[in-house]
Amino acid sequence: MRFSLFYEHQLPRPWLDGQEQRLYQDALDQVEIADRVGFDCVWEVEHHFLEEYSHSSAPEVFLAAASQRTKRIRLGHGIVQMPPAVNHPARIAERIATLDLVSNGRVEFGTGESSSSAELGGFGVRRTEKRAQWQDAVDAVTRMFVEEPFAGWSSDHVRMPPRNVLPKPVQKPHPPLWVACSRRETIEFAARNGVGALSFSFVEPEDAGKWVDEYYRIIASEECVPAGFAVNPNVTVVLPMMLHEDEATAIDRGIDGAHFFAFALAHYYGPTPHDPGRTNVWEEFQAHRDARGLSREQIIAGAGTLNVNIGSLRGAVGTPAQVIDLIRRYESAGVDQIAFVLQSGPNRHEHICESLELFGTAVLPHFTEGREEREAAKAERLAPAIEAALARRTPARTAPPGYRIDEDAEVARAHRSRRPLREDVRAASRRRFRQGFYRLVHGRTDEQIERRFGPSAQRLFFAGMARAYDPSAAGGFTGELEFRLTRTTWTLVLGKSRARAHPGPADDPSLTLTVKTADFLRIIAGDANPATLLMDGRLELRGDYDLAPRLSEMFGGPSPY
């Protein structure tokens, strides 16, 4: 088990002069402590325009500063946004290699697509293309690390002539690759590409174990075709954390930060309206946290064993003994690393520093003995599978013989236009509908919602869901979904390429959802948390539980990362 810190650089309003500067300086102090007490890595995100949730738009600068104040801790981009409109592949390769040089080979190269409307829209990235852009950019960047000169690129997303991309990284063939994950499907995607999985779902250890088993099954199978020129078989989970010898003190110091992290994440990755420079996310959190399943009153001392979610998010907020027990459960599930979020919401710098020191003295020593031997055994066990996977990867190329820089020809090739995609128009229409629907249900009582959305309106609504169905998000699933509402039952029949809706029960449902009509519509609008409704007994699932997390994307909604 390895341990790391995870930073968003959160800064809830109100903002005072000098507060951002203090935020960064405090974080550097915290990383210095983490390096000294024995943490293995620090992960720093790249986000843009996400006020209050993340003020970390240039992680490479922060990590470079951290490299000069530390000696051994690894420096993780968690993650670099790969769409070329955000970061050109050549600039990514140059920055990663430079950071690897100034840190003496300590970089972890986390990658991702982004999924927030603020970022995708801000940079003009098509949501329907972001996965393909990730795949394309990772292939190009890793080739820039190993090809000398880089043999050039021509795809739907990037056009670049041959160039010798410099400098080259210290770590060969390149720093370890990771990708941000939020669901079981993206963990499997990470395994198929031979990269580490950075999981941002606050998942219980026993559930994480199922993800880990499937991840390593794929790593060892012919499905694994590495995206880079090395395989990085690792699974990391992210958890909020605050430590104190007194459980009530740990809760008092850390639970508001943990809850704000979750609330602000949902704010930017759902349909919640946001006015740049005007929406106050902290005020929204204080007013609506209970309704979003983030009640402070549900987190009480005397819990004994920690569960990550107990009707309200808790994570690793507690005593050293409680956190040791939680870590052991993740370790037994096969998780390789835990990344702890301490700097979140209103959490105070001095409390974070105390937690780091306490972790180093009271928790970390329980997990260091025999770690090197276990990791060596794991590497030996996976070596044949990794060798076979790398043999399936298309090798490095050589540049065309005699290629010479020709500015006019290269610029002309780079500016060939592409036709707009019809799917972009459909996706934008779905998002506008979802945002408008949020305004119709937000703040309404059950009676008001159910009067507005009777059987006739539901018919139109389910027909709209069928039209919005995206088979690429279904993971190959076909079958029936049954929705048992207050006075009606509806069925969606999902085929390989399209869906259809009809009233009445399903013949053989793969998944049945039983929920009040008002709560169901709140879920669809992004105004209710299905996990909270499930824990409160207001939502019942029967059948294939793994289908439930996919439903939002299958019918036009977003998913984090």
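Author: To begin with a term, contact means heavy atoms within 4.5 Å. This is a predicted model, in which local features need pLDDT of at least 70 and side-chain atom pairs count only at pLDDT 80 or more, while totals for chains, interfaces and linings use all residues. Residues are numbered from 1 along each chain as its sequence is written, and side-chain values use heavy atoms, with hydrogens and water left out.

Reader: Which residues does isoleucine 219 touch, not counting those up to four places away in sequence?

Author: Isoleucine 219 is found in helix α7 (residues 205–219); helices (H or I, at least four residues) and strands (E, at least two) are DSSP runs numbered from the N terminus. With a relative accessible area of 1%, isoleucine 219 is buried, a term for values under 20%, with exposed for over 50% and partly exposed in between (1.4 Å probe, protein chains only). Leaving out residues up to four places away, isoleucine 219 touches Ala191, Gly194, Cys224, Val231, Pro233 and Ala385.

Reader: What is the radius of gyration of the protein?

Author: The secondary structure comes to 19 helices and 16 strands. For 561 residues the globule rule gives 24 Å, and the protein is close to that, so it is as compact as a globular protein of that length. The radius is taken over C-alpha atoms, and the rule is 2.2 Å times the number of residues to the power 0.38. The radius of gyration of the protein is 24 Å.

Reader: What share of the residues of the protein count as buried?

Author: The C-alpha trace spans about 70 × 60 × 50 Å along its principal axes. Among contacts with a separation of 6 or more, 74% come from residues 24 or more positions apart. Of the 561 residues, the share that count as buried is 57%.

Reader: Are helix α1 and helix α11 roughly parallel or roughly antiparallel?

Author: The axes of α1 (residues 19–37) and α11 (residues 349–363) come within 9 Å and cross at roughly 10 degrees. Axes are lines fitted to C-alpha atoms, for helices over the stretch in contact, and angles run from 0 to 180 degrees between N-to-C directions. Angles under 35 degrees count as roughly parallel, over 145 as roughly antiparallel, 65 to 115 as roughly perpendicular and the rest as oblique. The crossing therefore makes α1, relative to α11, roughly parallel.

Reader: How far apart are the end C-alpha atoms of helix α5?

Author: Helix α5 (residues 130–146) is mostly covered, with 12 of its 17 residues buried, including Trp134, Val138 and Phe145. The expected span of a helix is 1.5 Å times one less than its number of residues. For α5 that should be 24 Å, which agrees with an end-to-end C-alpha distance of 25 Å.

Reader: Which residues does threonine 319 touch, not counting those up to four places away in sequence?

Author: Threonine 319 lies in the loop between β10 (316–318) and α10 (320–333). Its relative accessible area is 12%, so threonine 319 is buried. Not counting residues up to four places away, threonine 319 touches Leu243, His244, Glu245, Asp246 and Glu247.

Reader: Is glutamate 52 buried or exposed?

Author: Most residues other than glycine have a negative phi, and most peptide bonds are trans. Phenylalanine 49 has a positive phi near 70 degrees, and glutamate 52 one of about 75 degrees. Phenylalanine 49 is partly exposed, with a relative accessible area of 46%. Glutamate 52, in the loop between β2 and α2, has 0% relative accessibility and therefore counts as buried.

Reader: Where is proline 173 found?

Author: The peptide bond from arginine 13 to proline 14 is cis, with omega near 0 degrees, and proline 14 is in the loop between β1 (2–7) and α1. The bond from lysine 172 to proline 173 is cis, with omega near 0 degrees. Proline 173 is found in the loop between β6 (159–160) and β7 (177–181).
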